[in-house]
Amino acid sequence: MDPLHLRSAGTSLLISFDSGEAEVIHWGADLGTELPDLAVLAGPVGHSSIDARVPASLLPQASSSWRGRPALRGHRISDGAAGLDFSSRLRVTSVNAEGAEDAAGNAATIVQADDNTGISVSTTIKLHPGGLLELRHTVTNNGTTPFQVDELATVLPVAPDAVELLDLTGRWCRERHPQRRPIQQGTWVRTGRHGRTGHDSSLLFAAGTRSFGNRHGKVWATHLAWSGNHEQFADTIGDGRTMIGGSELLGPAEVILEAGGSYTTPALFAAYSDRGLDGITEAFYSWFRSRPHHVLPAATTGQPAGKPRPVVLNTWEAVYFDHNLDALTELADSAADLGVERFVLDDGWFRGRRDDHAGLGDWYVDETVWPEGLTPLIDAVTSRGMEFGLWVEPEMVNLDSDIARAHPDWISGPSAVAHKDGGRLPLEWRNQHVIDLVNPEAWQYVFDRISALLSGNNISYLKWDQNRDLVEQGHGGRASVHEQTLAAYRLFDELRKAHPGVEIESCSSGGARVDLGILERTDRIWASDCNDALERQTIQRWTEAVVPPELVGSHIGPTTSHTTARTHDLSFRGITALFGHFGMEWDVRSVQGKERGELRRIVGLYKEHRDLIHSGRPVHADVADDAFLLHGVVAEGPVAESTTAALFALVSTRTSAAEQPGRIGIPGLEDARSYRVEVVFPAEDDADYRHTVTQVQPPAWLSKGAVATGRFLAEVGLPMPNLNPEHALLLTVTAL
């Protein structure tokens with residue numbers, strides 16, 4: 001059987017079938033069209049080992065003497081006996097590369113089977129045009145008795161020069177912070193048992209060459225597109241080979257396949273780059289932005305469906321639970337005056353919801369607060385030229401709610417009986433429990449209520465929250481995270497089908513449900529409940545390592561952050577928020593005088609540059625002094641003269657050991673082209689400028705801009721001003 005060679009955007013995936021398995025010979029740099037006889041790669045067989053060569057297969061298995069993590073773990077149940085057919089000897093039965101996306105043959109389906117155990121696994125592989133690889137397995141029980149699936153992992157080998165591992169971790173209000181470790185013999189496992197993706201989940205799992213950085217080194221990276229329990233891992237066996245991958249983490253007996261039944265894994269997305277982490281990010285952005293339902297600027301798509309991402313005002317940090325029509329109308333007036341385009345009413349609008357102890361699940365407008373319903377507020381918002389959005393939390397319920405009192409059996413937990421009949425509930429989290437969407441009646445109730453809200457009101461946007469872990473998620477006394485996740489997906493899908501014009505944001509106590517599974521069903525994610533601009537620099541950088549900025553909610557909060565009590569100038573908060581889907585979470589009625597003018601200017605900068613921010617190529621400079629960050633976006637495709645070719649932020653996160661930052665290179669531009677670099681915000685006459693820099697004399701180029709080629713800017717750089725810690729400058733780069 002001929003090998004399978006998929007190629008795209010500088011990446012090759014080469015699979016051999018000579019061993020009888022689907023052996024991954026190479027995943028990495030493009031190999032071109034000429035390949036040798038792969039028999040030259042047959043390695044030695046050592047002493048005190050299996051008397052055969054052990055392939056690094058798409059499905060590593062003990063039957064081939066793979067001594068690392070097997071891809072498939074499970075067993076057959078027959079006549080009351082469990083543990084049967086625990087080890088399959090899967091061999092390739094078919095390879096179908098038809099229906100590929102293009103002439104390069106970038107898609108394939110490989111089927112492997114074992115007639116003795118009655119198990120087959122079909123693997124679909126797609127190498128997308130931008131170089132992003134997508135894989136998933138489907139295991140089918142071809143036997144006559146049930147087969148329990150304990151795990152089915154999707155893995156890929158990395159090259160021997162991958163010696164470092166980077167993944168992300170975090171907590172509430174500090175999501176997605178990087179950590180590094182050397183790759184050593186053994187297994188490094190990141191486990192998520194939250195019932196949702198989790199604040200500490202690693203959005204990116206990357207192996208790379210020594211000291212790989214933003215724009216240098218080879219990197220192999222994966223992401224598991226799943227919003228429930230999961231594992232991601234690097235597995236290095238004794239012979240030095242390393243696999244990276246991930247799997248859904250299944251609870252006890254969550255997946256038992258009856259005869260003819262199948263289970264399909266979440267998709268594993270993988271990317272290779274020889275240009276550091278920015279190359280990985282480009283592969284993910286290419287895939288996101290090529291999706292038919294992805295919302296891109298009209299100037300980029302050239303289609304009427306294109307829509308700029310609107311300026312948002314969310315009411316949470318402005319009024320919290322204090323809902324009042326007059327006050328909210330004043331807030332809408334103030335927002336419209338600043339140029340806000342979408343006004344979102346947060347938690348507190350439904351029955352009994354005066355604080356976070358009651359009301360969840362009763363998705364009816366509270367008549368005591370809104371005697372005429374939400375219509376007067378919606379009319380006030382839309383008459384001022386803004387869209388109206390609404391906060392909901394459909395997957396949760398308070399015990400103090402009409403629906404919990406009427407249907408205690410709809411509350412998820414470890415017991416098979418309702419809590420009023422003695423069943424034990426999980427501990428409360430933010431005073432709430434999980435509604436059991438696996439129960440068809442509960443699912444239908446939630447769908448009907450949210451659908452009725454959308455049908456009965458002029459609502460363009462839902463901020464969909466999920467404010468607790470699902471640590472004892474159960475249905476009928478059995479673990480049910482798997483089914484609950486699928487039921488939640490189905491709820492999103494059916495509501496979108498019924499109300500196609502409504503956009504949905506995924507929020508989960510901030511950033512606890514950020515993954516490509518949920519992002520296939522939503523138009524935006526809320527990266528964190530923390531609007532502290534210093535924290536957001538890291539949170540947004542690593543969220544946007546995978547997720548494009550047009551999908552990442554990024555808001556200006558009050559002068560003093562309500563989650564950290566840290567105080568920042570408006571310019572720092574504004575520049576930080578620009579590089580995402582921009583908005584405000586602040587009582588902007590209190591913003592007056594020069595500060596209001598500055599805020600209006602930031603809104604104008606976002607509107608001026610959002611097409612570039614939301615379609616450009618991401619660039620993160622490797623700055624030697626880690627007290628500084630330089631990041632931005634570079635326009636894709638031909639750039640006309642006098643067009644903004646790039647937008648960068650120079651950020652100081654803390655005091656530097658050096659007296660001045662010195663020259664910092666600006667990478668990512670065309671080498672031979674000339675550009676003008678200018679600081680546009682804060683300018684020397686802005687009030688914030690004197691807080692931003694401390695210097696007797698600024699760099700010579702600062703007042704009039706600097707003109708240089710892209711090569712000069714990258715290799716020599718420009719001397720930067722002496723920034724005070726926790727301040728930033730916004731730079732435009734104009735093509736000449």
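**Pockets and a strand**

Tutor: The largest pocket holds about 990 Å³ of space. Keep in mind that this is a predicted model.

Student: Which residues are closest to the centre of the largest pocket?

Tutor: Glu23, Val54, Ala56, Asp239 and Arg241 are the closest to its centre, out of 44 residues that line the largest pocket.

Student: Which strand gives the largest share of that lining?

Tutor: Strand E3 does, with seven residues. E3 covers 23-29, and strand E11 (154-158) also supplies at least two residues of the lining of the largest pocket.

Student: And how does the lining of the largest pocket split by class?

Tutor: There are 24 nonpolar residues, twelve polar and eight charged.

Student: OK, next pocket. What volume does the second largest pocket have?

Tutor: Its volume is about 640 Å³. It is lined by 27 residues, and those closest to the centre are Asn214, Arg541, Trp542, His620 and Leu629.

Student: What about the classes in the lining of the second largest pocket?

Tutor: That lining divides into 13 nonpolar, ten polar and four charged residues.

Student: Switching topic to strand E41. Why is E41 described as largely enclosed by the rest of the structure?

Tutor: E41 spans residues 727-735, and nine of its nine residues are buried, so the strand is largely enclosed by the rest of the structure. Buried here means under 20% relative accessible area.

Student: Which residues sit on each side of E41?

Tutor: On one side are His727, Leu729, Leu731, Val733 and Ala735. On the other are Ala728, Leu730, Thr732 and Thr734. Both faces are covered, with the residues on either side all buried. As background, side chains in a regular strand alternate between the two faces of the sheet.

Student: How many bridges join E36 to E41?

Tutor: Eight, with E36 (residues 644-652) and E41 running antiparallel. At one of the paired positions, Ser652 has His727 of E41 as its bridge partner.

Student: And in which sense do E38 and E41 pair, parallel or antiparallel?

Tutor: Antiparallel, over six bridges, with E38 covering residues 674-681.

Student: Which residue in E41 does Phe681 stand opposite?

Tutor: Phe681 stands opposite Leu730, and Leu730 is one of the buried residues of E41.

Notes. Residues numbered from 1 in each chain as written. Predicted model: local features only at pLDDT ≥ 70, side-chain atom pairs only at ≥ 80, totals over all residues. Heavy atoms only, no water. Buried < 20%, exposed > 50% of the residue type's maximum accessible area, 1.4 Å probe, protein only. Helix = DSSP H or I, 4+ residues; strand = E, 2+ residues; numbered from the N terminus. Pairing = 2+ DSSP bridges. 1 Å grid on protein atoms, 1.4 Å probe; cavity = no way out; pocket = protein on both sides within 12 Å on 5 of 7 lines; lining within 4 Å. Points joined across faces, edges and corners; volume = space filled by probe spheres on them. Nonpolar A, V, L, I, M, F, W, Y, C, P; charged D, E, K, R; others polar.
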